[in-house]
Amino acid sequence: MTVLVTTPLGAVGRYVTEALRDRSDVRFLVRSAASAEALDGSVRGEVFRGDAANAADVRRAVVGVDRLFLAHPFAEGQIAAETALGVAAVEAGARRIVKLGARRFGGDLVPDAVTGNHDVIADRLRAAGVEELTVLQPDRFLQNFLPSAPALARGTLADPAGPGARGYVDVRDIAEVAVAELLADRPTGGEIEISGPAALTLAELAASFATALGTPVRYVDVPLDDAWRAGLAERGVAPRIVDGLHDLYANYRREGVAGLGDGVQRVLGRAPRTAGDFAAELLRPTASGTA
């Protein structure tokens with residue numbers, strides 16, 4: 001068995017990498033020299049440098065691969081890159097793909113590009129004839145709040161998702177489900193919805209963060225307006241990506257209370273980590289500058 005891990009330093013990939021770092025039968029696909037250097041010496045398996053947009057690199061990356069962890073950030077080339085990797089892996093003999101996707105919205109909401117891209121990719125993988133396909137469908141990542149740790153420590157949680165409630169999920173749980181599916185003799189397979197144990201409003205999430213940080217944290221609703229768009233543009237986010245994020249947050253607002261996923265319990269046999277667990281174990285050290 002050889003496992004190929006894509007985006008091994010990504011939001012979920014870094015935890016997958018941590019779990020698999022001592023295995024010699026794992027190949028880690030990175031694009032940049034900096035990423036290769038970051039992994040070199042810290043993992044036992046092969047660090048393979050290549051570009052998912054380059055057909056020759058993809059063919060070399062999947063040689064001998066039996067199982068693939070497939071992930072890619074939301075970007076203009078996401079569908080093409082993930083599809084190329086997945087199809088090439090199947091053609092090279094891979095029988096199992098664990099794809100990182102996103103939770104679907106309930107009701108009759110039109111999918112935004114961020115979540116809709118995953119459905120397109122999964123359909124193409126099925127059409128390619130992958131023998132064992134697991135599609136992870138997590139809700140919003142708690143770890144996405146770590147860059148806001150300084151603002152949270154000053155008492156503000158600013159977010160444009162609106163007043164609804166979601167099953168905010170600790171990324172460590174997503175990674176543990178992914179690794180279990182990769183290594184299992186008989187994976188659960190299919191679509192696996194992953195969330196935290198409770199649907200929380202952003203005000204409730206702020207209160208959970210406040211408990212861990214030992215300081216009041218107030219939720220501030222950020223309008224999806226021109227100022228919000230301008231802020232992303234100033235950070236170098238491409239217009240099409242801004243549009244996709246706008247539609248994602250608009251869907252959060254429209255959905256209201258999201259359903260919960262049972263993936264952690266089904267695959268790992270335990271309850272998912274709580275927002276309080278995340279805040280105490282990761283957010284508080286980050287906010288204090290010790291992480």
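I looked up which element lines most of the largest cavity: α5 gives the largest share, four residues. (Helices are DSSP runs of H or I, at least four residues, strands runs of E, at least two, numbered from the N terminus.) α5 (113–127) and β6 (132–138) are the elements giving two or more residues to this lining.

The model is predicted, so I note its limits: local features need pLDDT of at least 70, side-chain atom pairs count only at pLDDT 80 or more, and totals for chains, interfaces and linings use all residues. Residues are numbered from 1 along each chain as its sequence is written, and side-chain values use heavy atoms, without hydrogens and water.

I searched the whole structure and found one cavity of 30 Å³ or more. (A cavity is a set of points on a 1 Å grid over the protein atoms alone where a 1.4 Å probe fits but cannot get out; lining residues have an atom within 4 Å of a point.) Its volume is about 40 Å³, the space filled by probe spheres set on the points, which are joined across faces, edges and corners. Among the lining residues are His-118, Asp-119, Gln-137 and Glu-191.

Next I traced the sheet. Seven strands form an open sheet, ordered β3-β2-β1-β4-β5-β6-β9, with parallel pairing. (Strands pair if DSSP finds at least two bridges between them.) β3 (46–49) and β9 (190–194) are the edge strands. Three bridges join β1 (residues 3–6) to β4 (residues 67–70). Leu-4 has Leu-68 in β4 as its bridge partner.

Technical notes
1 Å grid on protein atoms, 1.4 Å probe; cavity = no way out; pocket = protein on both sides within 12 Å on 5 of 7 lines; lining within 4 Å.
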